[in-house]
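This briefing goes through a ligand site, a contact between two chains, and the make-up of one chain. Please look at the structure first, then read the points below.

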Amino acid sequence: MPELGPFLLEARGVRKAFGTNEVLKGVDLLVAPRELVFLIGPSGSGKSTLLRCCNRLEEPTGGTIRIGGTDLLSPRTDINRMRRQVGMVFQSFNLYPHLTALGNVTLALRKVMKRSRAEADEIGMDNLRRVGLAEKAASYPGELSGGQQQRVAIARALALEPKIILMDEPTSALDPELVGSVLAVVRDLRDAGMTMVIASHEMRFAREAADRVLFLDGGVVVEEGPAEAIFTAPREERTRRFLHQVRH
Amino acid sequence: MDVFLSEFFNVDIMVKVAPLIFKGFLQTLLLCVILVPIGLCGGLGAMLLATSRSRFVRWPAVAAIDFFRSFPPLVLLIFIYSGLPFAGIRLSPLAAICIAFLLNAASYYGEIYRAGVESVPRGQVEAGRSTGLGAAQTFLYITLPQAVRNVLPELLSNTVELIKLTTLASVISAPELLHSADLARSLTYNTSPLIMAAALYLIMLWPLVRIIRRLEHKLAG
Ligand SMILES: Nc1ncnc2c1ncn2[C@@H]1O[C@H](COP(=O)(O)OP(=O)(O)OP(=O)(O)O)[C@@H](O)[C@H]1O
Ligand SMILES: [Mg+2]
């Protein structure tokens, strides 16, 4: 086995326990460059926990995770350096309320990447433009709609030129009429070749946009495959039952 | 009525003692300029210690904060200024005041900061850390500004209390406003100097109190 696999994200046998409650029971998540992978599964199945392990917001209790060939869990790995290569988009946006949209996007550019303010502002504006919000650069999060806030959050992740972006239910906190604007941005990113893993309940979008779908239940991957196969011909009974429930 | 005016609002006496009162006023301002930053910075330090991950740091810090919050500041000041010399530690009035106020004010400010930090949602830190910011950077650029904004009225209220507490310095004969006014009162056998001092305290603190009310209104609305 060569050290560097073809996978950008290579999580094998990931385990995570909170006290005695084992939430992830040996999960494999392998993501190739330019791939868009969806995580689906019932509430509490461990989707968020898996994503959060992939940038060590949660410390896995077992398994290995490699990103671009680097061992994420090694004590010798500079975690801050790794994290800026892994963009994270949260369900509740988590924008900094005391900074403008541009300030949100440029904070890490200036303090982590040590860019000058002028450079950071230029990169920040490019990324706000990319999510269609250049004209909102000076607005504070409180002045933006949920959909706009989530797009700023995506721009904040993009600005660091990550190798991969993880999204945890990016549209779940949005009013239905605002979901489309965020999905449009995700679609653009996919078309531009961004590697992404998205935990989502947007089954229709998953079916349309995903390269691959993982169905998680009870802390294990019950079934995985191409989106079309999972949605039209699931092999496992649990998958069938779950898909039946979310459709009705 | 005349007796009342000549006892409390005697213009002749007020003019005569004005230079003395003014000197005291400047000393009080000086105390504020020294003590408020000491308290604010000390409070930040107290909060960081009291929320440390290591319980060997956290427990003593919390105990010290509780102790100095329940210890009367006047007793503390007299102890430091007049008690410590018996242990061979002789301090100038200003040094004694600074130490007593650091211990007292830092404990109060520290608790306020802590409430502020706790009011910042966990997701803010996670967002910062996941863009590669270190723990200290995340605290400085993300948590602290929001924490301070959320407890600004409480920080300012405590500052008003702190400024009022500077009058305690008069008991160790530091030449601050109350001390000058009381000196003037004993020299003139007249209460007017105290009225002047009270007016000056009002002029200093009333605007602050108004600002606090405004902020509370704004944060609530
Ligand atoms: N910090 C924590 N401490 C203790 N238990 C936790 C913690 N975080 C998550 N859990 C537990 O782990 C399990 C999986 O949670 P997780 O959030 O990963 O599920 P999920 O698949 O994302 O669900 P949802 O669709 O509701 O977001 C749940 O039972 C949850 O209670
Ligand atoms: Mg979740």
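A polar contact is a pair of N or O atoms within 3.5 Å; within protein, one must be able to donate a hydrogen and the other to accept it, and residues adjacent in sequence count only if both atoms are side-chain atoms. By that rule, a backbone N or O atom of Gly44(A) lies 2.8 Å from an oxygen atom of ligand 1. The model is predicted: local features need pLDDT of at least 70, side-chain atom pairs count only at pLDDT 80 or more, and totals for chains, interfaces and linings use all residues. Residues are numbered from 1 along each chain as its sequence is written, chains are lettered from A and ligands numbered from 1 in the order in which they are written, and side-chain values use heavy atoms, with hydrogens and water left out.

**Ligand 1**

- Taken alone, ligand 1 exposes 630 Å², and the protein buries 59% of that (accessible areas come from the Shrake-Rupley method with a 1.4 Å probe; for residues, only the protein chains shown count as cover).
- The residues around ligand 1, meaning those with a heavy atom within 4 Å of it, include Phe18(A), Val23(A), Glu169(A) and His201(A).
- This shell divides into three nonpolar, seven polar and two charged residues (Ala, Val, Leu, Ile, Met, Phe, Trp, Tyr, Cys and Pro count as nonpolar, Asp, Glu, Lys and Arg as charged, and the others, Gly among them, as polar).
- Helix H1 (residues 47-53) of chain A gives the most to the shell, with three residues; helices (H or I, at least four residues) and strands (E, at least two) are DSSP runs, numbered from the N terminus.

**Chain A against chain B**

- In contact (heavy atoms within 4.5 Å) are 21 residues of chain A and 17 residues of chain B.
- The two chains bury about 1,600 Å² between them, 57% of it on carbon and sulfur atoms; buried area is the accessible area (1.4 Å probe) that two parts lose on being put together, summed over both.
- Tyr96(A), His98(A) and Lys111(A) supply 31% of the area that chain A buries against chain B, more than any other three residues.
- The interface has one salt bridge, a side-chain nitrogen of Lys or Arg within 4 Å of a carboxyl oxygen of Asp or Glu.
- Glu126(B) forms a salt bridge with Arg52(A), with the closest N and O atoms 2.8 Å apart.

**Chain B**

- Chain B has 10 helices and zero strands.
- Its C-alpha trace spans about 70 × 50 × 25 Å along its principal axes.
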